[in-house]
Amino acid sequence: MDSIPVYSVDRLMVQTRKLAADYRQATGQPLPVTAEIANYDAARLLDLELLQPPPGGYDAVGRTGRREGLRYQIKGRAIFDESKGGQRIGQLKLEQDWDAVLLVLLDEEYQPFAIHEADRHELEEALADSARNKRGAMSVARFRIISRLVWTREEGVIEDEIWEHPGQG
């Protein structure tokens with residue numbers, strides 16, 4: 001009987017990051033793995049529970065601290081050249097239930113370097129001003145302005161005692 005190798009998700013993510021970076025370097029095209037890597041990193045770094053399959057509208061729920069019980073959409077974007085603007089995050093699911101959005105920014109090696117968080121109310125206000133925005137489309141730059149930086153590669157989790165989600169505190 002053949003033995004089936006068992007791989008840890010951590011090891012597979014290391015390999016996925018390497019493959020995606022090598023593929024982009026060889027072809028100039030990204031592999032469509034950013035969303036899975038972003039979900040994995042957000043859950044690991046911010047203590048979230050990923051929901052499989054996602055119930056619709058959100059990808060994870062906070063387990064502890066100020067995030068406990070909050071429902072998160074997780075978006076990821078690999079930033080290959082910060083001088084190039086115009087990058088957009090995936091469409092926000094405004095018609096569904098969720099509390100906040102996390103944007104995981106990845107470098108050219110598909111390693112996280114920053115995570116930004118914005119609550120639903122802030123995003124809805126920001127999206128109310130145009131037809132395109134009403135469909136849930138937003139640039140990475142705009143999201144970074146609206147949101148709070150909650151994790152960096154250098155500092156780890158950034159705790160800001162002043163910030164509270166609606167309904168908490």
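Seven strands form an open sheet with mixed pairing, in the order β1-β2-β3-β5-β6-β8-β9; strands here are DSSP runs of E with at least two residues, helices are runs of H or I with at least four, and both are numbered from the N terminus. Two strands are taken to pair if DSSP finds at least two bridges between them. The edges of the sheet are β1 and β9, each with a single partner strand, so one side of each is left without a neighbour in the sheet. The model is predicted: local features need pLDDT of at least 70 and side-chain atom pairs count only at pLDDT 80 or more, whereas totals for chains, interfaces and linings use all residues. Residues are numbered from 1 along each chain as its sequence is written, and side-chain values use heavy atoms, with hydrogens and water left out.

**Overall architecture**

- The protein contains five helices and nine strands, and along the sequence these follow the pattern α-α-β-β-β-β-β-β-α-α-β-α-β-β.
- Of its 169 residues, 41% count as buried; buried means under 20% relative accessible area, exposed means over 50%, and partly exposed lies in between (1.4 Å probe, protein chains only).
- The accessible surface comes to about 9800 Å², and 50% of it belongs to carbon and sulfur atoms; such areas come from the Shrake-Rupley method with a 1.4 Å probe, and for residues only the protein chains shown count as cover.
- Among contacts with a separation of 6 or more, 59% are made by residues 24 or more positions apart, where contact means heavy atoms within 4.5 Å.

**Strand pairing in the sheet**

- Strands of a sheet pair through backbone hydrogen bonds, either parallel or antiparallel.
- The parallel pairing of β3 with β5 comprises seven bridges, and Gly-76 stands opposite Val-104 of β5.
- The pairing of β6 with β8 is antiparallel and extends over four bridges; His-116 faces Leu-149 of β8.
- β8 and β9 (residues 156-157) run antiparallel and are joined by two bridges, and a hairpin of three residues connects them.

**Strand β8 and Thr-152**

- Because four of the five residues of β8 are buried, this strand is largely enclosed by the rest of the structure.
- Thr-152 belongs to β8, which covers residues 148-152, and Thr-152 counts as buried at 7% relative accessibility.
- The bridge partner of Thr-152 in β9 is Gly-156.
- A polar atom of the Thr-152 side chain lies 2.9 Å from the backbone nitrogen of Glu-155.
- Apart from neighbours within four places in sequence, Thr-152 is in contact with Phe-113, Ala-114 and Ile-158.

**Aromatic rings and charges**

- A pair of aromatic rings is described by the distance of the centres and the angle of the planes.
- Phe-80 is partly exposed at 26% relative accessibility, whereas Tyr-110 is buried at 0%.
- A charge sits over a ring if NZ of Lys or CZ of Arg is within 6 Å of the ring centre and within 35 degrees of the ring normal.
- The charged end of Arg-120 sits over the ring of Trp-98, 4.4 Å from its centre.
- Arg-71 lies over the face of Tyr-58, at 5.7 Å from the ring centre.

**Further positions**

- Pro-54 occupies the loop between β1 (48-50) and β2 (60-62) and is partly exposed at 43% relative accessibility.
- Asp-22 lies in helix α1 (residues 9-27) and counts as partly exposed at 34% relative accessibility.
- Asp-22 and Glu-109 are 87 residues apart along the chain, and their C-alpha atoms are separated by 8.5 Å.

How values were computed
Polar contact = N/O pair within 3.5 Å; in protein donor to acceptor, adjacent residues only side chain to side chain.
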